[in-house]
Amino acid sequence: MPESYVPKEAMGHGDGGSAALAIGEAESLERRPGAAPPGAGPPGAPVGKPRSLWSDAWHDLCRNPVFVLSALVILFLVVIAIWPQLIATGNPYRADLAKAQQGSQPGHPFGFDTQGRDVYTRVVYGARASITVGVCATTGAALLGSLLGGLAGFFGGWGDTLLSRLADVFFGIPVILGGLVFLSMVTGTTVWPVVGFIVLLGWPQISRIARGSVVTAKQNDYVQAARALGAGNGRLLLRHIAPNAVAPVIVVATIALGTFIALEATLSYLGAGLKPPTVSWGIDISTASPYIRSAPHMLLWPAGALSITVLAFILLGDAVRDALDPKLR
């Protein structure tokens, strides 16, 4: 008969040791001969620490085909936004009026626009403006919203009330109308006025998510224990609360990135966002709209690129949300 498995806690004297020894003997009798003790894992498998939320999430994401496909699309878009010359050797500003509105030709698969510019080259170069606006605006809104919402949720009081009322004011501003009014006063052709406007109207949503996460996290037992042991507010926020409250912010920011790209294209289409000579999908869609019947290729290609980009970021955010939400496991 094999030896009985005796837990460490049974190694001692007194009533506690005797009780633990009895429990260990009872467990050993219930196990089949040769079976591994509880928690030992499969025979021969190394005993390691349990996986964290982030490692579990990454493991699930790697097995999710939606995440893998959307991540590959986004990686491709980022690469061509940084180095468009990899797949487009032409000049997006070069015009040949003799080829205006002509369709696909050898070396020019997407045809030409109203000024005879290569649509394929402009679609490739247009990814730079959209990705730049989306990433910068999302980063700014996430940092500002997380900072304000996290501090308000942690300290509470009048600061929390003031932030909530301020967020309500920004929520009441129509995004498109606000963009038309705000950006109509800007004469620059860079992406930064558009980024600043999106951050200005995008931080309240993330701040509410961050505030709710911090309020929930600070009520957990491990935070109360750290406070009882003398941890200060800074340590509580950075070491105990922030790592456990950041997941919802990441999910919302990932989905918002696609929304911000669509918002930039909408404002550029209306003439209030990016302005020529900047190459933008929204500008090209606006230019091609009157010619949808005579030259549909001018509209379909930049609109298709915009739709694929926005869809990829939204699907990525959905996959991240499913992986980080324990209720969906």
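# Notebook: an all-helix model

I started in a loop: Pro277 sits between α9 (233-269) and α10 (281-288).

**Ground rules.** I'm working on a predicted model, where local features need pLDDT of at least 70 and side-chain atom pairs count only at pLDDT 80 or more, while totals for chains, interfaces and linings use all residues. Residues are numbered from 1 along each chain as its sequence is written, and side-chain values use heavy atoms, with hydrogens and water left out.

**The whole chain.** I counted 11 helices and zero strands in the protein chain. Helices here are DSSP runs of H or I with at least four residues, strands are runs of E with at least two, and both are numbered from the N terminus. From the N terminus on, I wrote the order down as α-α-α-α-α-α-α-α-α-α-α.

Next I looked up burial. Of the 329 residues in the protein chain, 38% count as buried. Buried means under 20% relative accessible area, exposed means over 50%, and partly exposed is in between (1.4 Å probe, protein chains only). The accessible surface of the chain comes to about 18,500 Å², and 65% of that belongs to carbon and sulfur atoms. That area comes from the Shrake-Rupley method with a 1.4 Å probe; for residues, only the protein chains shown count as cover.

I also checked how contacts span the sequence. A contact means heavy atoms within 4.5 Å. Taking contacts between residues at least 6 apart in sequence, 68% join residues at least 24 apart.

**Aromatic pairs.** How many aromatic pairs does the whole structure hold? My search gave six. Rings of Phe, Tyr and Trp (its six-membered ring) pair if their centres lie within 6.5 Å; planes under 30 degrees apart are stacked, over 60 edge-to-face, and the rest tilted.

I opened the pair Trp58 and Phe67: the ring centres are 6.2 Å apart and the planes are at 85 degrees, so the pair is edge-to-face. Is Trp58 buried or exposed? Trp58 is exposed, with a relative accessible area of 52%. Phe67 counts as buried, at 12%.

Then I opened Phe154 and Phe155, also an edge-to-face pair, with 4.9 Å from centre to centre and 90 degrees between the planes. Phe154 is buried at 7% relative accessibility, whereas Phe155 is exposed at 53%. I also noted one aromatic cluster formed by Phe110, Tyr120 and Trp301.

**α3 against α11.** I moved on to helix α3 (residues 65-82) and helix α11 (residues 297-324), whose axes come within 9 Å and cross at roughly 135 degrees. That makes α3 oblique to α11. For the angle, axes are lines fitted to C-alpha atoms, for helices over the stretch in contact, and angles run from 0 to 180 degrees between N-to-C directions. Under 35 degrees is roughly parallel, over 145 roughly antiparallel, 65 to 115 roughly perpendicular, and the rest oblique. I noted the crossing of α3 and α11 as left-handed, which is the case when the near helix is turned anticlockwise from the far one by less than a right angle (clockwise is right-handed).

Which residues meet here? On the α3 side I listed several, among them Phe67, Ser70, Ala71 and Ile74, and on the α11 side the list includes Ile308, Ala312, Leu316 and Val320.

I picked Leu316 in α11 to follow up. Leu316 is buried, with a relative accessible area of 15%. Not counting residues up to four places away in sequence, Leu316 touches Phe67, Ser70, Ala71, Ile74 and Thr254.

**The loop between α3 and α4.** His108 has its place in the loop between α3 and α4 (119-155). His108 is partly exposed at 22% relative accessibility. Leaving out residues up to four places away in sequence, His108 touches Lys99 and Asp118. C-alpha to C-alpha, His108 and Tyr120 are 6.8 Å apart in space and 12 residues apart in sequence.

Gln101 lies in the loop between α3 and α4 too. Phi of Gln101 is near 65 degrees, a positive value in a residue other than glycine. Gln101 is partly exposed, at 28%.

**Last stop.** I ended on Asp60 in helix α2 (residues 53-62). Asp60 is partly exposed at 25%. The C-alpha atoms of Asp60 and Leu324 are separated by 9.2 Å, though the two are 264 residues apart along the chain.
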